[in-house]
Amino acid sequence: MTILLLGGTAEGRALASALDAAGRDVVTSLAGATASRVAVAGSVRVGGFGGVAGLIGWLREHGPAAVVDATHPFAAAMTAHAAEACTTVGVPLLRLSRPGWSGRPDASGWRWVGTHMEAAEAVASWASGSSAGSAGEGGAILLTVGRQSLAPYRGLTGRRVVARVAEAPEDAPVGWTIVAGRGPFRAENERALFRRFGVRVLVTKDSGGPGAKLDVARELGVPVVMVRRPEVPAGVAVVPDVAGAVEWLRSV
């Protein structure tokens, strides 16, 4: 039977490859949020389902054996929709989510916040010099929060803002510097970026992964504002890696 894989991450692509190689029928669903996409094994559908009702309809029509939510750790709406739809239809659901960065030895020194709005407020305070640290007015604020999360930071007027995104937004605020690039990034590249723009504050979200930017921030003494990842809906099984997902699917 078919496995519906809600993808868009490296872990999702790796799981699709593993399932396809094992002879399992896998359909990866991609949101289509970016113009360029990496090749994915198995079948691929692109575009949203039309909310919870649309996903329920798809599940009832296609009858997958299970759904694996391998979307980005911050794709909270899709994760919530998957949980509600799978509960309604009675389809097993697994959340594949790579570990975050809270276990890093330097994590206790970061400014942890719950939302992007809180992050913007913390950065504004730092950049104005009202908080201790090396985030004076002369340095740049580096945003690595994703193209779709930039809106709360538009209020950082009068400050040098550098936003690194996979694809440049069409309506970036005047005066911002947009750096287009798709990770993972090496430490030497991150170091060059920090030095090129004189980064004095790094704003990012707890996406997990290699985290070379965090290594460089620690090395250079740059303060970090970290947005916590959203909670997974209650009752949804979670695994941190592809091996765990493959093992879970053996019982389906």
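Mentor: In this structure helices (H or I, at least four residues) and strands (E, at least two) are DSSP runs, numbered from the N terminus. The model is predicted: local features need pLDDT of at least 70 and side-chain atom pairs count only at pLDDT 80 or more, while totals for chains, interfaces and linings use all residues. Residues are numbered from 1 along each chain as its sequence is written, and side-chain values use heavy atoms, with hydrogens and water left out. By the DSSP runs, the chain has seven helices and 12 strands.

Trainee: Where does threonine 2 lie?

Mentor: Threonine 2 belongs to the segment before strand S1, which covers 3–6.

Trainee: What makes threonine 2 count as buried?

Mentor: Buried means under 20% relative accessible area, exposed over 50%, and partly exposed in between (1.4 Å probe, protein chains only). Threonine 2 has a relative accessible area of 17%, so it is buried.

Trainee: What does the side chain of threonine 2 make a polar contact with?

Mentor: Its partner is the side chain of aspartate 25, at 2.7 Å. A polar contact is a pair of N or O atoms within 3.5 Å; within protein, one must be able to donate a hydrogen and the other to accept it, and residues adjacent in sequence count only if both atoms are side-chain atoms.

Trainee: Which residues is threonine 2 in contact with, leaving aside its neighbours within four places in sequence?

Mentor: Contact means heavy atoms within 4.5 Å. On that basis threonine 2 touches Asp25, Val27, Pro64, Ala65 and Ala66.

Trainee: How many aromatic pairs does the structure hold?

Mentor: There are two aromatic pairs. In phenylalanine 49 and tryptophan 58 the ring centres are 6.0 Å apart and the planes are at 75°, so this pair is edge-to-face. The rule is that rings of Phe, Tyr and Trp (its six-membered ring) pair if their centres lie within 6.5 Å; planes under 30 degrees apart count as stacked, over 60 as edge-to-face and the rest as tilted. Phenylalanine 49 and tryptophan 58 are both buried.

Trainee: Why is the pair of tryptophan 110 and tryptophan 112 called tilted?

Mentor: The planes of tryptophan 110 and tryptophan 112 are at 40°, with ring centres 5.7 Å apart, so the pair is tilted. Tryptophan 110 is buried at 9% relative accessible area, whereas tryptophan 112, at 23% relative accessibility, is partly exposed.

Trainee: What sits over the ring of phenylalanine 49?

Mentor: The charged end of arginine 45 does, 4.0 Å from the ring centre. A charge sits over a ring if NZ of Lys or CZ of Arg is within 6 Å of the ring centre and within 35 degrees of the ring normal. Arginine 164 likewise lies over the face of phenylalanine 185, at 3.8 Å from the ring centre.

Trainee: Why does histidine 116 count as buried?

Mentor: Histidine 116 has 15% relative accessibility, so it counts as buried. Histidine 116 is part of helix H4, residues 116–127. Among its contacts beyond four places in sequence are Val145, Tyr153 and Val227.

Trainee: What radius of gyration would a compact globule with 252 residues have?

Mentor: It would be near 18 Å, and the chain has 20 Å, which agrees. The radius is taken over C-alpha atoms, and the globule rule is 2.2 Å times the number of residues to the power 0.38. The C-alpha trace spans about 60 × 35 × 30 Å along its principal axes, and 45% of the 252 residues count as buried.
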